[in-house]
Amino acid sequence: MTADELKIAVARAALPHVIPGDLLGVGTGSTANHFIDLLAAEKIEIAGAIASSEASAARLRGHGIKVLTLDEAIASGRRIPVYVNGADEIDPGLNLIKGGGGALTREKIVAAASDCFVCIADSSKCVNMLGRFPLPIEVVPMALGLVARELAKLGGVPKLREGFVTDNGNLILDVAGLKIAEPALFESELDHLTGTVTNGLFARRRADLALVSSADGVRALHA
Ligand code: 5RP
């Protein structure tokens, strides 16, 4: 199977987790894009989607799917029972690295607002310890040098993602060289670096369920 076929297979496996008539959190990236396309193709009627990026919102609208802001969803008094999104790395505890597509801040916000986070990925994303994929960190532009210096002190090798500005008007540092043995602890430590908006560790709010595709089929991993 090609990489794209594996992404389509796992995106399809997420469809039964969508609750018709309810709100749905929708992620960002190529796997999430397949999920959006399948959601539309299967004509699953939802009350509306809360998107984790402008790109996903545009794709959803392009299919005629209603998109709500998070504030509109909260004002409606409805819950977001399910959130479907991809990942760059998944460890056995369902801690994640996300942000390869640069949407980490909104992705983390939608994760925090949702009851069940269903992560969809192919098996190449599974690792024993997070850190092989450079950890994305969204940084306020003025603080770039300061944050990069502090990250180097923590043993990382930060690199500016050239030519990229987030939906929130900020920059991304991709940090290589990290071996993240205690993801939740390290996530908190990074949260305390002044000038960072969000780091791409999803450990304190990890996935509840990971669907992982390989040539053998789709496996479900529970937290
Ligand atoms: C976007 C993300 C994506 O979920 C992650 O990069 C995986 O993307 P893809 O499905 O294209 O492999 O975190 O910020």
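1. A polar contact is taken here as a pair of N or O atoms within 3.5 Å. The model under discussion is predicted.

2. In Thr-31, a side-chain N or O atom is 2.6 Å from a ligand oxygen atom. In Lys-125, the corresponding distance from a side-chain N or O atom to an oxygen atom of the ligand is 2.8 Å. The protein buries 91% of the 380 Å² that the ligand exposes when taken alone.

3. Around the ligand there are 17 residues, of which Ser-30, Thr-31, Asp-88, Gly-99 and Lys-125 come nearest.

4. As to composition, the shell around the ligand consists of 10 polar, 5 charged and 2 nonpolar residues. The site that holds the ligand is the second largest pocket.

5. A separate remark concerns Glu-189, which belongs to helix α7, spanning residues 183-191. Is Glu-189 buried or partly exposed? Its relative accessibility is 41%, and therefore Glu-189 counts as partly exposed, since that class lies between the limits of 20% and 50%.

6. Glu-189 may also be placed relative to Arg-79. The two residues are 110 residues apart along the chain, and their C-alpha atoms are separated by 30 Å.

Key
Residues numbered from 1 in each chain as written. Predicted model: local features only at pLDDT ≥ 70, side-chain atom pairs only at ≥ 80, totals over all residues. Heavy atoms only, no water. Near = heavy atom within 4 Å. Polar contact = N/O pair within 3.5 Å; in protein donor to acceptor, adjacent residues only side chain to side chain. Areas by Shrake-Rupley, 256 points an atom, 1.4 Å probe, with all protein chains shown as cover. 1 Å grid on protein atoms, 1.4 Å probe; cavity = no way out; pocket = protein on both sides within 12 Å on 5 of 7 lines; lining within 4 Å. Sits in = over half its atoms within 2 Å of the grid points. Nonpolar A, V, L, I, M, F, W, Y, C, P; charged D, E, K, R; others polar. Helix = DSSP H or I, 4+ residues; strand = E, 2+ residues; numbered from the N terminus. Buried < 20%, exposed > 50% of the residue type's maximum accessible area, 1.4 Å probe, protein only.
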